[in-house]
Amino acid sequence: MTHNHLNMQRAQKNQKDTFESMDDKTKLGRIIATKRKAEDLNIPTAILSDIIFRLLFSEGDVSLQRIVEVIKVSQQIIDDILTWMKNEHHVEIAKAGAFGSLSYTYRLTDSGRARAHNALDRSLYIGPAPVPLREYEEAIYLQTKDASVRRVTPVRIKQALSHLILPERFDRRIGPA
């Protein structure tokens with residue numbers, strides 16, 4: 001085992017120990033916070049690049065802003081992936097604006113189209129980046145573990161609908177979901 005691998009394992013253990021000692025609100029905040037680096041997403045970067053390949057293939061010339069809007073990942077992460085794709089000659093800048101890479105519009109090259117075909121063979125999905133199941137489960141648990149939060153009562157329904165103009169006794173017509 002290499003020295004770097006051991007250091008990485010120690011860092012992951014320390015990060016896990018730190019996470020375990022946090023209160024629930026802090027844990028939830030950490031889970032749902034906007035990530036600034038691809039490795040913080042805890043998913044393979046190849047998944048993100050495949051979504052970008054499929055998006056560019058289906059829409060043609062696509063702006064960085066549009067890619068961020070579709071994938072729901074920070075601009076910095078998408079910009080880093082597009083820089084790698086450009087260096088690998090999978091994408092090219094179709095149009096440059098006055099604001100540097102933030103205003104670039106990208107298009108696939110021939111090798112990018114081949115990569116897009118491969119990505120489409122694996123999946124047709126184009127949309128928000130996936131979230132690791134463990135993080136999703138933890139976020140749901142932290143938001144619902146308090147039994148009083150989960151319990152739906154007639155009083156809570158009335159409170160939730162109180163800002164709406166509804167027919168009298170409308171809340172009585174709402175059945176279980």
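## Overall architecture

Along the sequence, the elements of the protein chain are arranged in the order α-α-α-β-α-α-β-β-α-α-α-α. This pattern belongs to a predicted model, in which the secondary structure amounts to nine helices and three strands.

The protein chain has 177 residues, and 29% of them are buried. Of the contacts between residues at least 6 apart in sequence, 57% link residues that are at least 24 apart.

## Helix α2

Helix α2 spans residues 24-32, and its buried residues are Lys 27, Leu 28 and Ile 31. These three residues lie on the same side of α2, because the arc they cover around the axis is only 95°. An α-helix has 3.6 residues a turn, so residues three or four places apart point the same way.

The N-terminal end of α2 is capped by Asp 23, one of whose side-chain oxygens is placed 3.2 Å from the backbone nitrogen of Lys 25.

## Packing of α3 against α5

The axes of α3 and α5 are 11 Å apart, and the two helices pack at an angle of about 80°. An angle of 65 to 115 degrees counts as roughly perpendicular, and α3 and α5 therefore stand roughly perpendicular to each other.

On the α3 side, the residues that meet α5 are Thr 45, Leu 48, Ser 49, Ile 52 and Phe 53. Their counterparts in α5 are Ile 77, Ile 78, Ile 81, Leu 82 and Met 85. Sorted by class, this contact of α3 with α5 comprises eight nonpolar and two polar residues, with no charged residues.

## Packing of α3 against α6

Helix α3 (residues 45-59) also packs against helix α6 (residues 110-122): their axes come within 8 Å and cross at roughly 110°. The helices α3 and α6 are therefore roughly perpendicular to each other as well.

From α3, the contact involves Asp 50, Phe 53, Arg 54 and Phe 57. From α6, Gly 112, Arg 113, Arg 115, Ala 116, His 117, Ala 119, Leu 120 and Arg 122 take part. The contact of α3 with α6 consists of five nonpolar, two polar and five charged residues.

## Ser 74 in the loop between α4 and α5

Ser 74 is located in the loop that joins α4 (64-71) to α5 (75-87). Its relative accessibility is 7%, so Ser 74 counts as buried; the cut-off for this class is under 20%.

A polar atom of the Ser 74 side chain lies 3.1 Å from the backbone oxygen of Lys 35. When neighbours within four places in sequence are set aside, the contacts of Ser 74 are Thr 34, Lys 35, Arg 36 and Val 68.

Asn 42, although not a glycine, has a positive phi of about 60°. Asn 42 sits in the loop between α2 and α3.

His 89 is likewise a residue other than glycine with a positive phi, here near 65°. The loop that holds His 89 runs between α5 and β2 (91-97). With a relative accessibility of 58%, His 89 counts as exposed, the cut-off for that class being over 50%.

Conventions. Residues are numbered from 1 along each chain as its sequence is written. This is a predicted model: local features need pLDDT of at least 70, side-chain atom pairs count only at pLDDT 80 or more; totals for chains, interfaces and linings use all residues. Side-chain values use heavy atoms; hydrogens and water are left out. Buried means under 20% relative accessible area, exposed over 50%, partly exposed in between (1.4 Å probe, protein chains only). Helices (H or I, at least four residues) and strands (E, at least two) are DSSP runs, numbered from the N terminus. The arc is that of the directions from the helix axis to the C-beta atoms. A polar contact is a pair of N or O atoms within 3.5 Å; within protein, one must be able to donate a hydrogen and the other to accept it, and residues adjacent in sequence count only if both atoms are side-chain atoms. Axes are lines fitted to C-alpha atoms, for helices over the stretch in contact, and angles run from 0 to 180 degrees between N-to-C directions. Angles under 35 degrees count as roughly parallel, over 145 as roughly antiparallel, 65 to 115 as roughly perpendicular and the rest as oblique. Contact means heavy atoms within 4.5 Å. Ala, Val, Leu, Ile, Met, Phe, Trp, Tyr, Cys and Pro count as nonpolar, Asp, Glu, Lys and Arg as charged, and the others, Gly among them, as polar.
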